[in-house]
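User: Hi! I'm new to this one, could you walk me through it?
Analyst: Happy to, here it is.

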There are 2 protein chains.
Amino acid sequence: MIPKGFLFSTVEAAIKKPGRKDLALIYSEAEANTAGMFTSNKVKAAPVKLDMKKIRSGRGQAIIVNSGNANACTGKKGMEDAVEMTRLAARRLKIKPSLVYVCSTGVIGTPMPIDRITAKIPGLMDDLGKSSIEDVAAAIMTTDTFPKILMKKIRVGNKIGNIAGICKGAGMICPHMATMLCFIMTDISVNQQTLNRALKDSVKKSFNRITIDGDMSTNDTALIMANGMIGNDELSERSEAYAAFKKSLDEITYGLSRLIALDGEGATKLVEIEVKGAKSEADAEKAAFAVANSSLVKTAIYGNDSNWGRIMAAVGYSGINVKEERVDIYFGRVKAVDKGITTGRDIEAAKVLKGKNINIVIDLHLGKYAAKVLTCDMTEEYIRVNADYRT
Amino acid sequence: MIPKGFLFSTVEAAIKKPGRKDLALIYSEAEANTAGMFTSNKVKAAPVKLDMKKIRSGRGQAIIVNSGNANACTGKKGMEDAVEMTRLAARRLKIKPSLVYVCSTGVIGTPMPIDRITAKIPGLMDDLGKSSIEDVAAAIMTTDTFPKILMKKIRVGNKIGNIAGICKGAGMICPHMATMLCFIMTDISVNQQTLNRALKDSVKKSFNRITIDGDMSTNDTALIMANGMIGNDELSERSEAYAAFKKSLDEITYGLSRLIALDGEGATKLVEIEVKGAKSEADAEKAAFAVANSSLVKTAIYGNDSNWGRIMAAVGYSGINVKEERVDIYFGRVKAVDKGITTGRDIEAAKVLKGKNINIVIDLHLGKYAAKVLTCDMTEEYIRVNADYRT
C-alpha cells in the first residue's frame, strides 16, 4: 500500500520527446524526517548541490523531479533554475522552499527549458493526488524500459506502517553513489539520525553495489521521507520495530538495485558477481567490481561464453592480492575453475549462461570476506542506445 | 631496413583456425643486450613468468611466439609447456635456453596444444630466414585486422643503425602494462642498463597510455633486443647518438601504440584524449584514462555526438580535483565548453567527430601538467567480436 499522506502528480512539460510525462511531484501531507545520499562525482548537477544544502535540516515535504535534462554542467543559470523550481513549487504548496527538494535526470550540459517547466508547475500542483506512484516512476524514466517500484508493510507495535520506493536508472550507473534517482517514502515515524544511518547502510549494499557501465553520474540521488502519519512513537535503532523497518528498507533498496541492473541499457541478462574467500570486504568488493565492469566479461556473458580467463584477468588487475593457484570459479552450480585451472566443464558452464539470471562465484580462498555486485551483460543494443542518445 | 642479423620464421601449427600462421621465431645472429617489460596484472601467463626470470640476465638471442592460446591460467603444465618451447628452440638453434624468450597470446585458460607446437618447432628453425618481418607481425595477430610494424634509421657516428618494432593488440588493452606483445629489434649496440631505462621511459608514454577496453591482459610483454651488429661503440645515455636512438625508439613505441588504438576491436575512429592544465602529470593521466575508458564517451564518439557532459562526468569521477567552472573542452579546434558550460557549438563539434582521427582536449586550468591517452570508439562490432571470441 502507498504510505499514508503521500500524494503524486505528473505532467508533460515537453522536456523529453512529445507524448511522455517528464515532470513529477511527490508530496507528503505532513512534514517528514528526510535523509539523502548523493553522487560522489566531483562534478555535481545543480539540483544535487542544492539538495545537499537542504538535507542538512533533516526535514522535507515535497520532491519535484524532471527527466530529459540533468541540469548538470549548466553553470550559474542551472542553479538559478533549480532554485526557481523549488521556489515556485513551495509557493503553490504553501510550504517553506527549504522543504522542497529538486531532482533532474537526462542530458548533461544543455540549459534547462525552464520556461516550459515553470509554465507547468501550477498545473502540477493543482492536479496533486490525480497521479499514481506508477505515473511518477514512469515520468522519471530516461532510457529505462520499465518503471521501478517496490513496497513493503511493516508491523510497528499495534500499527501497520508502509514503505514504498521508486527509482530510475539504466545507464551511467556505477559504484560509490546513491544511484541515479531513488525516492523512498514511509508513513512510519523514524528518528532523523536513525533514518540517516539506515539509508547510508542500506545504500552501501544495494545501490553502491551495482554497475551497468562503470560511469558514475553527476545526478545520483537517493531521498527517503518518513512522515510518521501512522502515528507511532518515533523509531530509533533501539525500538523493537526498527529491525523490521530496516529489513524492509534493505529489501527495497536491494530490490530496486536489482531492477536497475535488470534494466541495464541493452541488457539481456541480470548478472550477480560474488567474490568470496577474500582477506577483507574491501578486497572482495574491488575484485567483484573489476569483473562486473569488464567489457570483455560482459560481452562473453552476452555471447553465452564461459570465458573465465577474462574473469581471472579482471581479478588479477583489480588491485587486490590474488593467488591464482587457489582460485575457484563457478557459473551457477558448475565449477569451471578449480585451483586456478580449468575443470573442462565449459559446455555445462555455457548452458548456465543461456539463462536470464546468472550467478558467478569467485572463491579466492584467502580469507573469510565476501561481496556481491549486480550487473548485466553488454550488447550491441547498449552501443546503439548510447551512440544515438541525443539524436 | 630490417636491423642487421635478425632473421624470421613462421609456420602454421594449428593453434588458431586453419589457414593462419600462428607460430613465429625472431632470431638474432649475435647475442643481444635485451630489456623487457611485462604486465602488472597479478595473474600472469606462464611465458610472462618465465621471461621475467630470463630477463634478469639482460641477454637474449631468440623469441618464440605463438598466437591462438595465451598459455595463461594453465597451472604447472602451462609452465612446463613454456619451458619446453624455449628448450626445443634453443636445442635446434644451438644456443643456451636462457637466451630464448617465449610469448603467447590468445585464449586464456585453455591448455596449450603443445604436441602440435613441438611438432612444428624443427621446421620453424629450419626455415629461418624464409619469412619476412611482415610474416611475423601477421602470425602474432589475434583479433588484429592488420600487422603492425614500424622501422627507423639512426645515424650512430659514421654508421647507420636500424630499429624495427612489431606488435599486436586489439582487445584486452589497458594501462599499466607494456601492451599485448611488442618486439623491438636494433642492430645498434646499446648498453644493457641504458636499454632498460630507455624502454621503460618509452613505454611509459606510449603503451602505458593506450586503452581499448580497460581490460589489462595477463600476457603483455615488450621486449627489445640490441645485437650491436653495425659494430658501433656501445651506446650509453652519455653517447652523442643516444638522443637519436631514444627519439627513434619513442617514435616506434608511440607509433605502434597508435596502430593498436587504430585497430581497437570494432573501432572506426582513433581518439586522442589530452588533459592539460592539471596540477600534476598523474592527475592529467588519471582524468584522461577515465574519459578514454568511459563506455558512454566511446559510444557517443561512435555516434558522432559531441556529448561533452559524459566527458565532464568522467573527469568528475576520475578521482582528481576538478573545478567545473574552469574546464574548457575542445573537439578538434571547436571549443564546445567554456568555463564549464556549453558554447552552443554542438553541430560544429559533431562535424569534427565525423572524422577518423579525433582529438579531444580537456583543459582543467588548474596547473601546467598534461597527458595524452590514445583510445578508439566503441561499436556494435566490439560486442560481436568479444561475444563470439571463442566460438
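User: What share of the contacts in chain A with a separation of 6 or more is between residues 24 or more positions apart?
Analyst: That share is 79%. Two residues are in contact if their C-beta atoms, placed from the backbone, lie within 7 Å. A word on the source: this is a predicted model, where local features need pLDDT of at least 70 and side-chain atom pairs count only at pLDDT 80 or more, while totals for chains, interfaces and linings use all residues. Residues are numbered from 1 along each chain as its sequence is written, and chains are lettered from A and ligands numbered from 1 in the order in which they are written.

User: Thanks! How many helices and strands does chain A have?
Analyst: Chain A has eleven helices and 14 strands. These are DSSP runs numbered from the N terminus: helices are H or I with at least four residues, strands E with at least two.

User: And what are the spans of its C-alpha trace?
Analyst: Along its principal axes, the C-alpha trace of chain A spans about 70 × 55 × 30 Å.

User: How many bridges join strand 9 and strand 14 of chain A?
Analyst: Seven bridges, in the antiparallel sense; strand 9 covers residues 270–278. E272(A) has L374(A), in strand 14 of chain A, as its bridge partner.

User: Switching topic: how many residues of chain A are in contact with chain B?
Analyst: 54 residues of chain A are in contact with 55 residues of chain B. Helix 9 of chain A gives the largest share of chain A's side, nine residues.

User: What rotation superposes chain A on chain B?
Analyst: One of 180 degrees, with 0.0 Å of shift along its axis and an RMSD of 0.1 Å. The two copies are thus related as by a two-fold rotation axis. The superposition is by least squares on the C-alpha atoms of residues with pLDDT of at least 70 in both.

User: Which C-alpha of chain A is nearest the axis?
Analyst: That of E380(A), 2.3 Å from the axis.

Notes. Two strands pair if DSSP finds at least two bridges between them.
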